[in-house]
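Thanks for passing this one along. Please have a look at the sequence and the coordinates first, and then read my notes beside them.

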Amino acid sequence: MPITFRKSFRILPGVRLNINRRSWSITLGGGNGPRHTISSTGRRTTSIDLPGPFGWRSTRSRRRRGERP
């Protein structure tokens, strides 16, 4: 089993700094609204919790221009 590292710090209410072995990211929002995440690798993600008993999440993500997937 590989060894992993992940740590999350709450900087301000609604703002988190997430650190793992390869990159870091900042998450804004959450709670009852959308959540926006910006990663050091260039990935930007917007997540929204959908209402209902299952708590499904709709996620869109994109990379910086000129980067290959």
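1. Ground rules. This is a predicted model, in which local features need pLDDT of at least 70 and side-chain atom pairs count only at pLDDT 80 or more, while totals for chains, interfaces and linings use all residues. Residues are numbered from 1 along each chain as its sequence is written, and side-chain values use heavy atoms, with hydrogens and water left out.

2. Overall make-up. The chain has six strands and zero helices, in the order β-β-β-β-β-β from the N terminus. Both element types are DSSP runs numbered from the N terminus: helices are H or I with at least four residues, strands E with at least two.

3. Of the 69 residues in the chain, 14% are buried (buried is under 20% relative accessible area, exposed over 50%, partly exposed in between, with a 1.4 Å probe and protein chains only). Contacts, meaning heavy atoms within 4.5 Å, are worth a look too: among those between residues at least 6 apart in sequence, 2% join residues at least 24 apart.

4. Strands pair if DSSP finds at least two bridges between them. Strand β3 (residues 24-29) runs antiparallel to β4 (residues 35-39), with five bridges; Ser25 has Ser39 as its bridge partner in β4. Five residues lie between these strands, and Gly30 in the turn has a positive phi of about 110 degrees. Strand β4 is also joined to β5 (residues 44-49), antiparallel, by four bridges, and Thr37 is partnered with Thr45 in β5. Here four residues separate the strands, and Gly42 has a positive phi near 100 degrees.

5. Surface patch. Trp24, Ile26, Leu28 and Ile38 make a nonpolar surface patch of about 330 Å². Patch residues have over 30% relative accessible area and no salt bridge; like charges are joined within 9 Å, and nonpolar side chains (Val, Leu, Ile, Met, Phe, Trp, Tyr) within 5 Å. A salt bridge puts a side-chain nitrogen of Lys or Arg within 4 Å of a carboxyl oxygen of Asp or Glu. Strand β3 gives the largest share of the patch, three residues. Trp24, in β3, has a relative accessible area of 44%, so Trp24 is partly exposed.

6. A buried serine. Is Ser23 buried or exposed? Ser23 counts as buried because its relative accessibility is 16%. Ser23 sits in the loop between β2 (15-20) and β3. Beyond its neighbours within four places in sequence, Ser23 contacts Asn18, Ser39, Ser40 and Thr41.

How values were computed: Areas by Shrake-Rupley, 256 points an atom, 1.4 Å probe, with all protein chains shown as cover.
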